[in-house]
Amino acid sequence: MTELNKIALKIISNGKGILAADESNGTMTKRLEAVKINSTPENRLSFREILFSSEGMKDCIGGVILYDETINQTSSAGQSIPDLISSSGAVPGIKVDTGTKELSDSPEEKITEGLDGLRDRLKKYYELGARFTKWRGVYSISEKYPSKLAINSNANALARYSAIVQESGMVPIVEPEVLMDGNHSAEVCLSKTSEVIKKCFNELILHKVDLTGIILKPNMILDGNLSKNKISNEEVSLKTLKCLKDSVPKEVPGIAFLSGGQSEIEATENLNLINKNNNTNFIMTYSYGRALQQSALKVWSKDTKDTIATQNTFNHRAKMCTLAAQGKWASELENK
Ligand code: 5MM
């Protein structure tokens, strides 16, 4: 077993999942302003520190993805944020892409940037305690999209990123997110997501990335959010499994889904069914941002001094997701 494979397994084994707390300042500002909180570095830290020091971290969270601002911050007790995360048994990780830009020649689509100077930034993040990283490619679905150009260029960037990250001794999370926006069917989502993931693996193999030392972070297969038709949760799980079985090489140790705008319960129920029906050898877990934080953020915004209520809310969500990552979740447990 290689060191990278060990790190990947530590993050996702035994029902543990990933807390995606890597919102860039722009995204975090949107999230905070939606609940009428000022987006200052202190407030961003304050909410995140409450999550990172909650009980639920120990049993449920195997890794936390941070943003550059947070990995450099210090807790109220004077501990570095990566140390605070490690003290709960979770692995600190860091988002290393620098965001998306218009794709030249297809300006309605996006290309993710951040390769320039990446090696040097990784050195700094490793010293700060990070042992895994994240890079997200974003694809939209419409009649014309995602174009071959977007599929190829984002796959190439994800592979170049992964190779450099592994060279630096860290596990790359490869996140090709096919957005749920639009009125397309789940069938279309299935065929586009499969095409995107297959191309990513072609490029990862070409760049000699060790597939036992990565974690794939894909979307689930869903109808577009504007589609009138909604397939059942059972069908979501079966289509998602079909997609991954056909497109992901067997060496990959695990898959950690993004929630992508699903409600907390939907994301939990779908993950649970994926695990119940899992006919692959992949560990199937979560790497949720909104589906782990939404309710906790609402509670916190009502009284930012009420750490206990915020942590209880987060602990509950983390516990539900961890049960789902083992196929042991049931809706009745939500009210206990
Ligand atoms: C936490 O949000 C991440 C994106 O941040 P920026 O758009 O600000 O760069 C995002 O990549 C996130 O990690 C994944 O989409 C998972 O989050 P959700 O909310 O989809 O589970």
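The ligand takes up the space of the largest pocket in this predicted model. A pocket is an open set of points on a 1 Å grid over the protein atoms alone, with protein on both sides within 12 Å along at least five of seven lines. Strand E6 (132-139), strand E7 (171-178) and strand E10 (283-288) are the elements that each give two or more residues to the shell around the ligand; strands are DSSP runs of at least two residues and helices of at least four, numbered from the N terminus.

The ligand is surrounded by 18 residues, each with a heavy atom within 4 Å of it. The closest are Ser24, Thr27, Lys134, Ser259 and Arg290. By class, the shell holds 9 charged, 6 polar and 3 nonpolar residues.

Oxygen atoms of the ligand lie 2.7 Å from a polar side-chain atom of Arg290, 2.9 Å from a polar backbone atom of Gly289 and 3.3 Å from a polar side-chain atom of Glu175. Of the 500 Å² that the ligand exposes when taken alone, the protein buries 90% (Shrake-Rupley method, 1.4 Å probe).

Next, the backbone. Tyr145 and Pro146 are joined by a cis peptide bond, with omega about 0°. Pro146 belongs to the loop between E6 and helix H8 (148-167). Lys36, a residue other than glycine, has a positive phi near 60°; its place is the loop between helix H2 (25-34) and helix H3 (41-52). Lys36 is exposed (over 50% relative accessible area), at 76%.

Residues are numbered from 1 along each chain as its sequence is written. Local features need pLDDT of at least 70, side-chain atom pairs count only at pLDDT 80 or more, and totals for chains, interfaces and linings use all residues, while side-chain values use heavy atoms, leaving out hydrogens and water.

Notes:
A polar contact is a pair of N or O atoms within 3.5 Å; within protein, one must be able to donate a hydrogen and the other to accept it, and residues adjacent in sequence count only if both atoms are side-chain atoms. On a 1 Å grid over the protein atoms alone, a cavity is a set of points where a 1.4 Å probe fits but cannot get out, and a pocket is an open set with protein on both sides within 12 Å along at least five of seven lines; lining residues have an atom within 4 Å of a point. A molecule sits in a cavity or pocket if more than half of its atoms lie within 2 Å of its grid points. Ala, Val, Leu, Ile, Met, Phe, Trp, Tyr, Cys and Pro count as nonpolar, Asp, Glu, Lys and Arg as charged, and the others, Gly among them, as polar. Buried means under 20% relative accessible area, exposed over 50%, partly exposed in between (1.4 Å probe, protein chains only).
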